[in-house]
Amino acid sequence: MGYTQIIASLFGAPLTTVERFSAEAEEINLAVERKLGGRRLWALGRDERFALYCVTRLVRPRIAVESGVGSGVSTTFILSALEQGVLHSFDLGVKYGDEEEAYPVGLIVPEELRKKWVLHLGDSKRLLKPFLKSLGNDKIQLFLHDGEHTTPNVRSELTLAWSHMDKGAILVDNCDWTEAPDEFAKRLNTSITHLVDDMCLILKGWR
Ligand SMILES: C[S@@+](CC[C@H](N)C(=O)[O-])C[C@H]1O[C@@H](n2cnc3c(N)ncnc32)[C@H](O)[C@@H]1O
């Protein structure tokens, strides 16, 4: 089963709707690839971008949160999918991976999308918890983890995101780098679905 069928089935959405979203993602990806100019920059892979876009379109978050911005590929797809919401992104803001050059965080995020984007520079281990607390009774509807893939950090980010969500979706990239996503789902007795490549999805309050 491809990611469009998996997503349609999990959300109880018509497959034609998810395929339409996937076609929209194709357009966005063309522009993203142009900006990347052949550089990989540790970004989400093609199908992961498309799956992220489709999930965000279906969830329609008012408040979305991501850890790990890098050049801004996931950021661009989430922002493009948002209708009225805002995206809060967390990143260390330092040279990342084995790239020779240091790139500004969110390098490729288009100017016109930035009005619905708040970038928090610093360690998510320090910033995420107080940020979520500052929302008070407000909840988040989407969380993407693509930052520090250590077991304690993944566990902590998923636990925080889950406790500040009534209904929504948690996406985890590199979900097989640690046991944390599977352990988390098991502990909460909830389902975790392998969506595409090494991205997985945990839904809360959906159906
Ligand atoms: C794989 S890249 C993110 C790629 C991005 N999601 C995309 O699709 O373009 C990982 C990012 O996580 C950030 N990062 C790593 N550890 C972090 C931490 N403890 N707190 C915040 N950001 C972190 C790095 O600075 C890097 O930019």
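**Notebook: ligand shell and pocket**

I sorted the shell around the ligand by class and recorded seven nonpolar, seven polar and five charged residues. For this I took Ala, Val, Leu, Ile, Met, Phe, Trp, Tyr, Cys and Pro as nonpolar, Asp, Glu, Lys and Arg as charged, and the others, Gly among them, as polar.

I note that this is a predicted model, in which local features need pLDDT of at least 70, side-chain atom pairs count only at pLDDT 80 or more, and totals for chains, interfaces and linings use all residues. Residues are numbered from 1 along each chain as its sequence is written, and side-chain values use heavy atoms, with hydrogens and water left out.

I then listed the neighbours: 19 residues surround the ligand (a heavy atom within 4 Å), the closest being S74, D91, D123, S124 and D146.

I looked up polar contacts (N or O atom pairs within 3.5 Å). The side chain of D91 has an N or O atom 2.7 Å from a ligand oxygen atom. A backbone N or O atom of L44 lies 3.1 Å from an oxygen atom of the ligand. For D123, a side-chain N or O atom is 2.9 Å from a nitrogen atom of the ligand.

I next checked burial: the ligand taken alone exposes 600 Å² (Shrake-Rupley, 1.4 Å probe), and the protein buries 96% of that.

I finally turned to the lining of the largest pocket, which divides into 15 nonpolar, 11 polar and 12 charged residues. A pocket here is an open set of points on a 1 Å grid over the protein atoms alone, where a 1.4 Å probe fits, with protein on both sides within 12 Å along at least five of seven lines; lining residues have an atom within 4 Å of a point.

Definitions and conventions:
Polar contact = N/O pair within 3.5 Å; in protein donor to acceptor, adjacent residues only side chain to side chain.
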